[in-house]
Amino acid sequence: MPWWRRLPALTSGWWAEFSLQTKLLAIATLVVSIVMTGLTFFALNGIQTEARMGDTRYARDLGLLLASNVTPLAAQGNDRELARVTEEFWRSSRSLRYIFYADPEGVIYLGIPISKVDSGNDLLLSRRLELPSDLRQRPQNPLIRQHLTPDGLVTDVFVPMVNGKDYLGVMALGVNPNEAVLATAALTRNVTVAVFVSIWVLVILGAVFNALTITRPVKELLRGVRSVADGDFGARIALPVGGELGELLNGFNTMATQLEAYDEANIEELTAAQVKQQSLIATMADGALLLDPEGQVVLVNPTARRLFRWEGRKLEGQELLSLLPDSLTMELQEPFDAVRSRERDSAEVRCSINEPSRTLRLVLQAVRDGSGETLKGIAVTVQDLTREVELNAAQSRFISNVSHELRTPLFNIKSYVETLHDMGDQLDEDMTREFLATANAETDRLTRLVNDVLDLSRLESDRVWSFEPTEVEAAMEQTLRTYKLNADDKGVSLDLAVPPSLPRIRGNYDLLLQVFDNLVGNAVKFSTSGDMVQLRAYLWPDTCPIKADDASSPLPRLRVEVADSGTGISEEDCRRVFERFYRVENAVHTEAGTGLGLSIVRGILQKHGSDISMVSELGIGTTFWFDLPLEGADEDELIINAERKALALS
């Protein structure tokens with residue numbers, strides 16, 4: 001390959017060998033030299049421009065001076081005298097190149113060094129000057145131009161000769177440039193080149209000196225520093241360098257020696273501290289994992305192995321997300337990526353796993369270096385909240401059921417007893433017996449509620465409830481009797497609309513009675529004087545047979561509705577009314593409540609393989625409805641209904 005083709009590769013390799021300092025020095029020198037050369041060029045150009053303007057002014061003045069002297073001679077036609085004066089003028093100035101005279105037609109008839117008068121040579125060709133037509137109109141403003149000849153630059157001056165109103169022709173002068181200015185420009189150019197070359201010679205000499213005396217020790221020092229930074233405290237620099245640079249190298253060797261001794265003295269202590277730390281992690285009650293910045297497992301304590309059933313497995317070097325169940329991986333992916341990408345320093349995830357069934361709380365904490373910029377790893381703490389969640393749920397359900405479900409029977413018993421106490425003399429024997437019977441029934445119901453309160457708190461558990469043929473109409477009538485006094489006090493009418501011979505359903509009487517109590521109680525609570533609360537029951541769909549031969553056809557059920565013409569519920573509240581502890585009265589009504597009634601109703605109906613629906617409008621009223629399985633429905637039909645309801649809810 002020719003050398004000129006290898007030149008770019010050789011140049012790039014040669015340039016890469018220089019240090020950053022040398023490259024910056026070369027670039028700075030190039031910039032300074034270019035700036036100085038440019039300044040010199042502009043200065044020279046200015047001098048030359050000024051010289052040309054001086055030549056132009058000198059030529060103009062010289063032409064006007066000569067024209068003023070020869071115009072009278074041209075007007076008299078005295079060509080011999082005109083030639084004599086012109087020759088004397090030409091000989092008196094060394095800067096004149098030529099002098100020509102042209103008649104009004106532009107034909108040259110006299111000139112120096114060429115003249116017809118002197119030579120009389122007819123072989124001389126007549127030449128004509130092509131000049132602007134308006135030149136004769138401005139005798140004091142001659143035409144000046146410059147042109148380049150083989151002998152150098154010449155300034156041409158064309159002065160019109162006007163005698164009174166007569167135009168006699170044109171006088172033309174050729175003026176040489178100022179030799180002193182040309183010499184000065186040449187000298188400046190030479191000095192500029194010399195300065196440019198001198199700067200680069202000094203820079204090259206400085207670079208060579210720097211490479212021989214400074215660059216090598218600095219490179220060795222840099223190599224030693226990198227070795228110490230990598231943990232090699234045995235690195236030393238052995239160069240015979242004196243002065244301050246030699247002291248720097250000796251100081252580095254001393255520092256490396258002290259670091260090596262310190263490392264050897266403390267390695268045993270660090271090992272003991274590491275053993276203590278590992279022992280502490282191993283005995284933690286919570287699970288603990290340490291990950292590297294890539295999310296791979298570095299350390300796992302026994303508790304974490306037990307929680308995730310990792311006993312006997314080698315986990316170090318594997319990605320954590322690939323070891324976890326799919327459901328947990330999906331929940332952990334987003335916070336894990338956020339901690340790795342430094343969007344957050346910590347994240348918390350609470351989730352449930354099925355094998356074994358547990359509720360876990362995972363806390364991710366970024367581990368950074370002292371500056372807080374570099375991610376060194378991720379610490380993961382795993383807490384088993386299964387027992388705590390179960391206890392909190394049981395306690396919440398117990399308190400909510402006791403506070404809400406015992407209020408109505410106690411209030412009814414107190415109302416009837418107070419009525420008997422205050423108006424005992426005014427009531428006849430039949431009414432007294434009716435009041436006592438109602439109080440006795442509420443007492444029995446209260447006893448049942450107290451005995452079953454723990455069972456109700458486990459509606460969402462795996463407890464199996466007993467379902468048997470039940471008279472829904474009896475439960476509805478008992479509910480209306482319970483709220484009759486309360487409704488009469490508020491001026492609210494109660495109505496029961498059921499067809500004759502209403503079929504029995506398969507369910508739990510006490511649970512259904514609690515459903516009616518909650519729905520009717522809420523309807524009476526949020527109704528005012530003149531409103532009506534109605535309980536309705538009918539078959540749905542009404543065209544279905546009692547037994548469905550086709551498993552895909554809808555099963556016959558008994559639809560129950562509780563409707564009122566009270567204050568109604570807003571659309572936003574309808575979406576949240578079945579949530580635990582959510583109370584509509586906070587936004588619309590003023591009646592007090594715990595916000596648990598409708599959530600309990602939904603839980604009871606789901607145990608019956610059903611769900612509750614509602615429609616409401618402010619100022620018009622509210623209607624709740626649900627479907628119950630008929631007496632003839634077997635366990636398989638209840639399971640089918642429960643699956644359909646669960647699918648619809650999902």
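1. Let me start with a question: is Y416 buried or exposed? Please keep in mind throughout that this is a predicted model. Y416 has a relative accessible area of 5%, and because the cut-off for buried is under 20%, Y416 counts as buried.

2. A second pair worth a look is F516 with F626. Why is this pair called tilted? The ring centres are 6.3 Å apart and the planes of F516 and F626 stand at 35°, so the pair falls in the tilted class. This pair, too, links distant parts of the chain: F516 sits in helix α15 and F626 in strand β17, 110 residues apart. Both F516 and F626 are buried.

3. While you are looking at rings, please also check F578. The charged end of R602 sits over the ring of F578, at 4.5 Å from the ring centre.

4. Next, the sheet that contains β17. Five strands make up this open sheet in the order β12-β14-β15-β17-β16, and the pairing is mixed. Its edge strands are β12 (493–497) and β16 (612–617), each of which pairs on one side only. On average, neighbouring strands here are turned by 15° against each other, direction ignored. Helix α15 packs on this sheet and touches β12, β14, β15, β16 and β17. The direction of α15 makes about 170° with that of β17.

5. Within that sheet, I would follow β15 (residues 557–564) strand by strand. β15 and strand β14 (residues 532–540) run antiparallel and are joined by eight bridges; A537 has V560 of β15 as its bridge partner. β15 also pairs with strand β17 (residues 621–629), again in the antiparallel sense and over eight bridges, and here the bridge partner of D564 is T622 in β17. Further along the sheet, β16 and β17 are antiparallel and share six bridges, with S613 standing opposite W625 of β17.

6. How many of the eight residues of β15 are buried? The strand is mostly covered, with eight of its eight residues buried. R557, R559, E561 and A563 point one way from β15, while L558, V560, V562 and D564 point the other way, and all are buried. I would mention in the text that R557, R559, E561 and D564 are among these buried residues.

7. What does its side chain reach? The N508 side chain comes to 3.2 Å from the backbone oxygen of S466, and also to 3.2 Å from the backbone nitrogen of D510. Leaving aside neighbours within four places in sequence, N508 is in contact with W465, S466, F467, T470 and H608.

8. Finally, the other sheet. This is an open sheet of five strands in the order β7-β6-β10-β9-β8, with antiparallel pairing. The edges are β7 (297–300) and β8 (346–354), and each pairs on one side only. Neighbouring strands are turned by 20° against each other on average, direction ignored. Helix α9 (residues 326–340) packs on this sheet, touching β6, β8, β9 (357–368) and β10 (375–384). The direction of α9 makes about 170° with that of β8.

9. Which residue of β7 is the bridge partner of L291? The partner is V297.

Conventions:
Residues are numbered from 1 along each chain as its sequence is written. This is a predicted model: local features need pLDDT of at least 70, side-chain atom pairs count only at pLDDT 80 or more; totals for chains, interfaces and linings use all residues. Side-chain values use heavy atoms; hydrogens and water are left out. A polar contact is a pair of N or O atoms within 3.5 Å; within protein, one must be able to donate a hydrogen and the other to accept it, and residues adjacent in sequence count only if both atoms are side-chain atoms. Contact means heavy atoms within 4.5 Å. Buried means under 20% relative accessible area, exposed over 50%, partly exposed in between (1.4 Å probe, protein chains only). Helices (H or I, at least four residues) and strands (E, at least two) are DSSP runs, numbered from the N terminus. Two strands pair if DSSP finds at least two bridges between them. Rings of Phe, Tyr and Trp (its six-membered ring) pair if their centres lie within 6.5 Å; planes under 30 degrees apart count as stacked, over 60 as edge-to-face and the rest as tilted. A charge sits over a ring if NZ of Lys or CZ of Arg is within 6 Å of the ring centre and within 35 degrees of the ring normal. Axes are lines fitted to C-alpha atoms, for helices over the stretch in contact, and angles run from 0 to 180 degrees between N-to-C directions.
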